[in-house]
Amino acid sequence: MATPAHIGKFTANNPGIMTLQGTNQYIVGKESAVVIDVALSADSNMDGILEQAEAMGAKRIDKILLTHIHNDHTGGALALRKRCGAKLGIHRSRRGYLGGEDFQYDDNDRISFGGGELHVLHTPGHESGHCCFYESGDKVLFSGDNILGYGTAVIHPPDGNMTDYMTSLERLLGFDINVILPGHGPLIGKPEAKIREYIKHRLEREQQVLAALRAGRNTIGDITQMIYVDVSAALQRVAEFSVQAHLEKLMREGRVKRENGRYLLLSDK
Ligand SMILES: [Zn+2]
């Protein structure tokens, strides 16, 4: 599936285990454009974004939007702002985080670009101020790190929150989406199936955490070891964060309690 002509992408040269091929930086608009996420401040990265904008026929970049504050999405935002004079926006909860933002946005705000507008969806979970941007004209969702081209999003407590994340995924099901353009990895042509798969995956993990608790595992380390059998050393910490995030969700629901660093099952349903 092709993306609409007024949407371009330049992937930053920051590939890695968490960033996949690198961070996708999107350019959206005709005459005037907005840029979503700027990973790197290197000239080569900014050149790449500006050349892409030019190739799309955009004469200027008016605004820079950020899906969330992690460095692989914001590291070049101030540099691009300086270079092209665009106004930099950030979610209201992160006001002043970078120092030098020009405006804030919040859930359900509309942000215009040349030829349309983006609907701001505050979707906490991966990061508490995380936003997706939805373009209803072409039914495109810019999903940031909430949904990735492949693999799953990292939920890293305390700012990452599994309860919020599940709510955010459920909310996205309410939108008519043709294509998801993620913060990392390739575009997603079957959005609804992908979102449902993400929800199912988390619910399965939750069941595995419950099964581990029933089997008498009661620390994050032990539970992780039981569930993630083949995880590489590099991803071990990420797996532990995920288990912790699930345990915190279960505690919020009154199904698990923590005592002296151990997690105990309260009600088993
Ligand atoms: Zn990222």
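Is glutamate 127 buried or exposed? At 1% relative accessibility, glutamate 127 counts as buried. The close-ups below, all from a predicted model, start with this residue.

**View 1. Arginine 94 meets glutamate 127 in a salt bridge.** Here the closest N and O atoms are 2.7 Å apart. Arginine 94 sits in the loop between β5 (87-91) and β6 (103-105), and glutamate 127 in the loop between β8 (116-122) and β9 (131-135), so their pairing ties together parts 33 residues apart in sequence. Arginine 94 is buried, with a relative accessible area of 17%.

**View 2. Glutamate 31 and lysine 59 join two loops.** Their side chains form a salt bridge of 3.1 Å, N to O. Glutamate 31 belongs to the loop between β2 (24-29) and β3, lysine 59 to the loop between α1 (43-55) and β4 (60-65), so the pair links parts that are 28 residues apart in sequence. Glutamate 31 is partly exposed at 44%, while lysine 59 is exposed at 60%.

**View 3. Glu206, Lys249, Glu253 and Arg255 form a salt-bridge network.** For context, the model has 18 salt bridges.

**View 4. Leucine 118 in the largest nonpolar core.** This core has 35 residues, of which Tyr105, Leu118, Phe133 and Phe142 touch the most other members. Strand β3 (residues 32-36) gives the most to this core, with four residues. Beyond its neighbours within four places in sequence, leucine 118 has contacts that include Val34, Ile36, Leu65, Phe133 and Phe142.

**View 5. A second, separate core.** Among its 20 residues are Leu148, Met162, Ile177 and Ile188.

Key:
Residues numbered from 1 in each chain as written. Predicted model: local features only at pLDDT ≥ 70, side-chain atom pairs only at ≥ 80, totals over all residues. Heavy atoms only, no water. Core = buried A, V, L, I, M, F, W, Y, C linked by side-chain atoms within 4.5 Å. Buried < 20%, exposed > 50% of the residue type's maximum accessible area, 1.4 Å probe, protein only. Contact = heavy atoms within 4.5 Å. Salt bridge = Lys/Arg side-chain N within 4 Å of Asp/Glu carboxyl O.
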